[in-house]
Amino acid sequence: MFKLAGILLLMAGCAGLGFERVAEEKRRINELREMRRMIVRMQDEMLYGKRTLPEICLLFGQCMKEPYRSAFAGLYEKLEENDGRDLTMLWEEQMDRCMKDMAINEEEKDILRELPKHMGMLHETIQAAGVGQSLDIITGHIASAQAEYENKSRVIMSISIMAGLFLIILLL
Amino acid sequence: MQKEEILHIFPDFMRLTWEKVAEQADRLQEIRLRVNQPVTVLMDHTEYFLSESGELTDRESDARYSREKELEAVLAHVCRYSVYAFADEIRQGFMTIPGGHRIGVAGQVILENGEQVRNIKYIRYLNIRIAHEIKGVSEKALPYLYREGEVLNTLIISPPGCGKTTMLRDLVRSFSEGNIYGKGRNVGLVDERSEIAGSYLGIPQNDIGIRTDVMDACPKREGMMMLIRSMAPDILAVDELGDKEDIEAMHRAIRCGCRVLATIHGFSIEEVRAKAYMKPVMEEKVFDRYMLLGKKNNKCNIIGIYDRERNLCSNLQEFCC
């Protein structure tokens with residue numbers, strides 16, 4: 001009886017680890033998609049709304065999903081405080097906090113972290129294009145993450161179940 | 001005006017230098033930053049240099065020099081890191097920041113089709129003009145701008161820097177809230193340069209009265225018609241009539257039954273009359289009152305108020321400083 005319970009728990013644990021790994025990959029894709037959506041929206045606001053960056057932060061702080069919502073609301077507050085600190089510093093501070101628990105990798109986090117470096121253009125079209133430079137990179141990451149997910153998810157699940165079976169045999 | 005309002009124009013690393021000047025914010029008129037040139041400050045109509053320690057001095061040898069990086073930092077800061085959002089303003093050579101302060105810019109012009117100004121790059125000259133909201137500045141003029149409780153079509157004529165916008169803002173507030181000469185009226189304000197209401201995120205930073213609707217950052221011509229259609233104002237207020245199209249729009253507004261309160265650059269009524277687009281307006285006697293502003297004893301003041309026949313209708317002594 002105990003053996004059977006042990007076998008089941010071991011299998012469930014290994015399968016759970018596999019599921020977790022697959023879900024993380026899925027989460028990474030969703031986070032990249034959300035990041036792309038946000039940058040496209042930012043471009044639109046710059047291009048058609050001619051909104052300044054603080055105005056965009058205010059808007060995103062109201063209409064974006066978490067964790068972006070809090071990050072942008074926080075950034076807007078900091079910019080409004082106008083304590084003279086430079087945008088790059090404030091942006092990095094807020095985005096680091098926002099991306100702390102995200103599944104995306106460091107390279108992908110850098111895309112968002114370095115967004116203010118593209119600011120300062122004289123015309124809205126050029127500015128939107130500058131911000132949009134990162135879109136191609138994100139789209140590339142999404143495509144590769146999607147392909148990896150499809151290929152890897154079955155492998156990960158199979159390996160985790162096989163590992164479970166291996167452990168059961170080893171412990172019996 | 002608050003000291004912070006002046007300090008907020010500058011990024012963090014420059015604030016210490018401007019601390020002492022900002023303490024005298026109420027007297028401050030203009031700050032000029034030119035690349036590799038001394039920083040000059042206009043205070044009480046007197047020019048000073050800013051020293052390295054932040055003191056005002058009249059000795060050029062003690063002056064602090066503006067550096068390229070500083071100018072870029074100020075520009076990025078006042079544009080709220082969004083220079084693109086100010087492209088239209090920069091193209092016109094100035095932008096308005098919260099509080100209604102105006103920042104004039106100069107640099108290398110980028111042309112489109114070899115004629116039109118597309119943008120300005122290498123902005124290396126900044127002229128920060130500090131707006132002062134002076135409530136009650138129009139009080140003495142009010143009796144001449146009403147007839148039987150109705151506001152008269154009024155044109156404010158003034159040379160640059162003599163308080164044209166300040167006067168307009170106070171009249172808008174006064175007409176909107178009402179006073180002993182007439183009840184409060186709905187005022188439509190076309191604030192093309194965001195100088196009068198000083199709107200930030202659509203909210204006026206200056207007191208423009210309780211019955212005032214603002215069409216912010218909108219060209220005068222479009223703004224006047226939009227306000228008439230949408231807000232049915234009793235009085236339409238516009239700053240700086242500048243061409244034939246503005247005059248046509250103003251005519252349409254008057255035909256729609258609105259009273260008009262407008263300003264124009266000029267040193268005298270005759271000078272304004274000499275402008276081709278103004279001549280028909282003056283001959284048709286569209287305006288019931290002309291208010292002429294100027295400097296008396298080095299102070300901005302009302303020089304006189306004239307009727308539609310251009311006869312002096314006020315007692316000049318009343319406006320004397």
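How does the radius of gyration of chain B agree with that of a compact globule of 321 residues? A compact globule with 321 residues would have a radius of gyration near 20 Å, and chain B has 20 Å, which agrees. Keep in mind as you look around that this is a predicted model.

## Two chains side by side

Along the principal axes, the C-alpha atoms of chain B fill a box of roughly 60 × 50 × 35 Å.

Chain A is built from helices: its secondary structure comes to 6 helices and 0 strands. Read from the N terminus on, the elements of chain A run α-α-α-α-α-α. The globule rule gives 16 Å for the 172 residues of chain A, but the radius of gyration is 22 Å, well over that value, so chain A is more spread out than a compact globule. The C-alpha trace of chain A spans about 70 × 30 × 25 Å along its principal axes.

| Chain | Property | Value |
|---|---|---|
| Chain A | Buried residues | 42% of 172 residues |
| Chain B | Buried residues | 53% of 321 residues |

Chain A carries 22 positive and 27 negative charges, and their mean positions are 7 Å apart. Chain B has 44 positive and 49 negative side chains, with the centres of the two sets lying 2 Å apart.

## Where the chains meet

The size of an interface is often given as the accessible area lost when the parts come together. Between them, chain A and chain B bury about 1800 Å², and 56% of this is on carbon and sulfur atoms. Three residues supply 35% of the area that chain A buries against chain B: Lys50(A), Asn82(A) and Leu122(A), more than any other three residues. In total, the contact takes 26 residues from chain A and 21 residues from chain B.

## A closer look at helix H2 of chain A

Helix H2 of chain A covers residues 53–63, and its buried residues are Leu53(A), Pro54(A), Ile56(A), Cys57(A), Leu59(A), Phe60(A) and Gly61(A). What do these buried residues of H2(A) pack against? Their partners are helix H1 (2–47), helix H3 (68–81) and helix H4 (87–99) of chain A.

Leu53(A), which lies in this helix, is worth a stop of its own. Its relative accessible area is 2%, and because buried means under 20%, Leu53(A) counts as buried. Leaving out residues up to four places away in sequence, Leu53(A) touches residues of both chains: Met46(A), Leu87(A) and Met119(A), together with Arg80(B), Ser82(B) and Tyr84(B). Leu53(A) and Leu79(A) are 26 residues apart along the chain, and their C-alpha atoms are separated by 9.3 Å.

Pro67(A) is placed in the loop between H2 and H3 of chain A. The peptide bond from Glu66(A) to Pro67(A) is cis, with omega near 5 degrees.

## Two loop residues in chain B

Chain B has backbone details of its own. Asn36(B) is not a glycine, yet has a positive phi of about 60 degrees. You can find Asn36(B) in the loop between strand S1 (28–34) and strand S2 (40–43) of chain B. Is Asn36(B) buried or exposed? Its relative accessibility is 51%, and Asn36(B) therefore counts as exposed, the cut-off being over 50%.

Glu148(B) also has a positive phi, of about 50 degrees, although it is not a glycine. The loop that holds Glu148(B) runs between strand S8 (146–147) and strand S9 (150–151) of chain B. With a relative accessibility of 79%, Glu148(B) counts as exposed.

How values were computed:
Residues are numbered from 1 along each chain as its sequence is written. Chains are lettered from A and ligands numbered from 1 in the order in which they are written. This is a predicted model: local features need pLDDT of at least 70, side-chain atom pairs count only at pLDDT 80 or more; totals for chains, interfaces and linings use all residues. Side-chain values use heavy atoms; hydrogens and water are left out. The radius of gyration is taken over C-alpha atoms; the globule rule is 2.2 Å times the number of residues to the power 0.38. Buried means under 20% relative accessible area, exposed over 50%, partly exposed in between (1.4 Å probe, protein chains only). Lys and Arg count as positive and Asp and Glu as negative; His and the chain ends are not counted. The place of a charge is taken as NZ of Lys, CZ of Arg, CG of Asp or CD of Glu. Contact means heavy atoms within 4.5 Å. Buried area is the accessible area (1.4 Å probe) that two parts lose on being put together, summed over both. Helices (H or I, at least four residues) and strands (E, at least two) are DSSP runs, numbered from the N terminus.
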